Amino acid sequence: MLTLTPVETEALLLSLRVGLVGTLCSLPLALLVAWLLARGRFVGQQLLNGLVHLPLVLPPVVIGFALLVLFGRRGPIGAWLYDTFGFTVAFNWKGAALASAVMGFPLMARAMRLSLEAVDRRLEAAARTLGASRWRVFWTITLPLMSPGILTGAILGFARSVGEFGATITFVSNIPGETQTLPLALYAFTQVPGGDPPAFRLCVIAVIVAMAALLASEVVARRLDRRIRGVP
Amino acid sequence: MIEVDVEAKLGDFALAAKFVAPSAGITALFGRSGAGKTSIVNALAGLLTPARGRVAVRDEVLFDSERRINLPPNQRRLGYIFQEGRLFPHYSVKGNLLYGAKRTDAGAFDRIVALLGLGDLLRRRPGDLSGGEKQRVAIGRAILAEPRLLLMDEPLAALDAARKEEILPFIAALRGALDIPVVYVSHAMDEVIRLADTLVLVDGGKIAATGTVEALTSRIDLRPLTGRFEAGAVIRTVLRGHDKVYGLSELAFPGGRLRVPHIDLPLGTPLRLRIHARDVVLASAAPNGLSIRNAFAGRVIEISPDNGPLVDLRLDIGTPAEPVMLWARITQRALADLRLAVGSPVHALVKTVALERPSPGGGRGVSEAHEAY
């Protein structure tokens, strides 16, 4: 009961890898978008805001299909990627990471934006008067002060990535060992006779992973927050 | 010199401030809240970009709209001490102090820490400092960045009276020990008189007057701005003698000597006195048989055009070469009975003086009220 079957191990490790890579790759982009939305003032800001939040409100199948059209081997971006770098995301785990990253992006960008908006700009002004350049202010004041939000955003995005189903199965299909993440494996078991017990085991694993991620984020965010507010 | 000539539109508020102040000692920007004092300081620091104008400190142009010069705040080398301290919560006290510190002078850190009494706080976080401690750290942090000018925006406004007394000596000490010019924003006249050399009166986004504290506080037309309740004159004196027998000290000013209880300072120490208008009694003839010994002959210079029961008179009790202005507040009735008019000779009797002791050699500056004898 306590040991995982090879299928379970494969699905779990793949899920973690997909979630981790997807989260880490979209982190800088989410930070940039959060910055543009919180601090920028430009035409089309509301449009960008809507675009970022689309994956949250659209059916995941729509996202998956859009990715397939754009990043498929014959899609405009996919074809260019393949011709230029010999790199493709079609029907492999990188595609799964891309799909889950897109789905997790709104949560991540939103948490970062909120934390950035909460940063006291007067502290940044004080740092400027002490001789710090904009760049130094960003690294020494803004980023540390918004770190709990970055962490929360990353964990939320990661949890969302690990659980992603609709966009992934539409975009990169359900290939064991390549794109069959935990939820996809679970779905596969429910489609065959006698698949309920292994499906149930995967359910438990999914719950454990999600809970661990949430607990970890709580603990680390609280510690960071205390550090920032200077309470021992 | 500190040259400011800025125009800016901030919502409904129009700022059009122009003044020149010496870049030595403490210059106070004084005015009601909302007069535009903070905006002026922000324009100096580069945190506010004026629509038009010029800002220069010690001949270096920081902002000039015509020549398209606008140094960013981090290149202006102006220390800024904010009302709320603005310490970085995620740094220790030491980290805050060192944030902008220049490493040109290795001993500077220890000296500033000693001067501001921060030795025991270095490892603490801003979160568990008292308001007064926070402001001391903020002052130290700004000084360690080696600014050519310190800007202080009501650094005491958020503190209670006891904490204010904790900080004031340190600010007074800046003048003596560090020789950094200071622009000090305040709406409290007692702080201004205690600290400032030059006074800039700000009203409705404009500069109403610039001059020495002594000159501006003695002008009737500025009374609505300098404050009626605190009405009084500021006189510069020098400690000239000690009367060991009666335990008195003598303070000389052009036109006479004031006797106050013994002051334990060396002869020759310059001392600034503040004499409230309500503490001055007038007599039309030289007083006789009175316990007040501080009586000075003078002349009425000006009578405030006031309709209330009280009237303020400006007197000159100095010499023809060096006039010394004094205010007296008497009733309209007394004014009529004594038949006082502009030019009338009069004798002024001083009951109490408030002594502003500048900090000789960088020690603590203190302010105390003294009965005058």
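**Helix packing, a buried strand and a chain contact**

Helix α6 (residues 121-129) of chain A packs against helix α7 (residues 134-162) of chain A at an angle of about 140°, with their axes 10 Å apart. This is a predicted model, in which local features need pLDDT of at least 70, side-chain atom pairs count only at pLDDT 80 or more, and totals for chains, interfaces and linings use all residues. Residues are numbered from 1 along each chain as its sequence is written, and chains are lettered from A and ligands numbered from 1 in the order in which they are written.

Reader: What are α6(A) and α7(A) to each other, parallel or oblique?
Author: The angle between them is about 140°. Angles under 35 degrees count as roughly parallel, over 145 as roughly antiparallel, 65 to 115 as roughly perpendicular and the rest as oblique. The two helices, α6(A) and α7(A), are therefore oblique.

Reader: How many residues of strand β3 (residues 26-30) of chain B are buried?
Author: A residue is buried if 20 or more other C-beta atoms, placed from the backbone, lie within 10 Å of its own. On one side of β3(B), B:I26, B:A28 and B:F30 are buried, and on the other B:T27 and B:L29. The strand is largely enclosed by the rest of the structure because the buried residues number five of the five.

Reader: Which residue in β10(B) is the bridge partner of B:L29?
Author: Strands pair if DSSP finds at least two bridges between them. Four bridges join β3(B) to strand β10 (residues 198-203) of chain B in the parallel sense. In β10(B), B:L29 has as its partner B:V200.

Methods
Buried ≥ 20, exposed ≤ 12 C-beta atoms within 10 Å, placed from the backbone. Axes fitted to C-alpha atoms, helices over the stretch in contact; angles between N-to-C directions.
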